[in-house]
Amino acid sequence: MRGFPDLRLCLAIGCVAAFVAGGLIAAERSSAAMAASADRFLAGLTADERKQAAFPFDAGERLNWHYIPRARKGLPIKAMTEPQRQLARELLKTGLSQHGYLTATSIMNLETILGDLERRNPSPAAIVRDPELYFFSVFGTPSTRDPWGWRVEGHHVSLNFTVVKGTPVASTPWFFGTNPAEVKDGPNKGMRILAQEEDAARTLLLALDPEQRKTATIADVAPNDMVTANAAKVDPLSPIGVTAGAFTSAQRAQLMKLIDVYTSQMASDIAADRLGKLKRAGVEKIGFAWAGEAERGKKHYYRIQGPTFLVEYDNTQNDANHIHSVWRDFDGDFGRDLLREHVKSTPH
């Protein structure tokens, strides 16, 4: 995909070297960086392109998120010039760690592999797979004072950011998926973009004693997709499974490793704020639940749920070779909690 990292290059020389070659992105992320980058992105568009990319902050479109291939609003990479793609890339980097940026762009590039696979077995309802059909949108006016937001979305990527009073930054819903979860043949054979999301959870499951595992296993058959799907708002799910309060120190450390798989994709200050919130709410209250089989290659699902957040993961479609994963905040998706505090503290 022009203007974004080449997946085979990253695999061949390693993500760190690839980012050195392309210029390392700053370690510190902030809402100020987002605002400045979004301003540059919008300024680099024509008037007609800005009409595609820019929406009022209170537009219903801001909550209209999904992870399937479908018609979308926003400005797609496909319609951008190379300089505009560079500006879009810089905006994307402000919300992600180096690992998260590589993950997002690798998922985009995976569309090429998926398209090749599907052309071998064409169906009457074939879907266009295009690594350039990812859409950038800005909601409101980028600012360090007033609420605004931005989104990058397409098949298997949905990143939603809301900025209120400059900081902190709300970053959910946060969705990554892959199809195939593991490339079975060709030059990228063995590639698993979301390998850590699967492997760290299975390691935790197998580290549980028989009684804990019995409590954690909420169903013998995994659901066909994430339970919350693309709901605009989510509530805590039940059952919660086994809680960290019943874990040994080693099991709790593995739980935190699993959570870190998700937070490590986020910009450093966003990740730190997120970890601070879940620790203040009580790590011992975090539950881990599993459904389906434990053996790799079999259909499975898990969720991690604390008082303030929910992570869902499933790998059931395409013979258990198709991953969906999402982080949701019960009170903070789309910045609801930040906006509520803003309204209370700001004269209108």
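Glu182 pairs up with Lys184 in a salt bridge, their closest N and O atoms being 3.7 Å apart. Here, a salt bridge is a side-chain nitrogen of Lys or Arg within 4 Å of a carboxyl oxygen of Asp or Glu. Side chains of opposite charge can pair when their charged atoms come close. Lys184 counts as exposed, at 52% relative accessibility (buried is under 20% relative accessible area, exposed over 50%, partly exposed in between, using a 1.4 Å probe and protein chains only).

A word on the model: it is predicted, so local features need pLDDT of at least 70 and side-chain atom pairs count only at pLDDT 80 or more, while totals for chains, interfaces and linings use all residues. Residues are numbered from 1 along each chain as its sequence is written, and side-chain values use heavy atoms, leaving out hydrogens and water.

By the salt-bridge rule, the count comes to 21. Here are three of them:

| Pair | N to O distance |
|---|---|
| Glu182 and Lys184 | 3.7 Å |
| Glu90 and Lys93 | 3.5 Å |
| Arg328 and Asp333 | 2.5 Å |

Glu90 and Lys93 sit three residues apart in helix H5 (residues 82-94), about one turn of the helix. Helices are DSSP runs (H or I, at least four residues), numbered from the N terminus. An α-helix has 3.6 residues a turn, so residues three or four places apart point the same way. Glu90 is partly exposed at 29%, whereas Lys93 is buried at 8%.

Arg328 and Asp333 are both buried. Elsewhere, salt bridges link Lys78, Arg85, Asp130 and Glu132 in a network.

Note on methods: Helix = DSSP H or I, 4+ residues; strand = E, 2+ residues; numbered from the N terminus.
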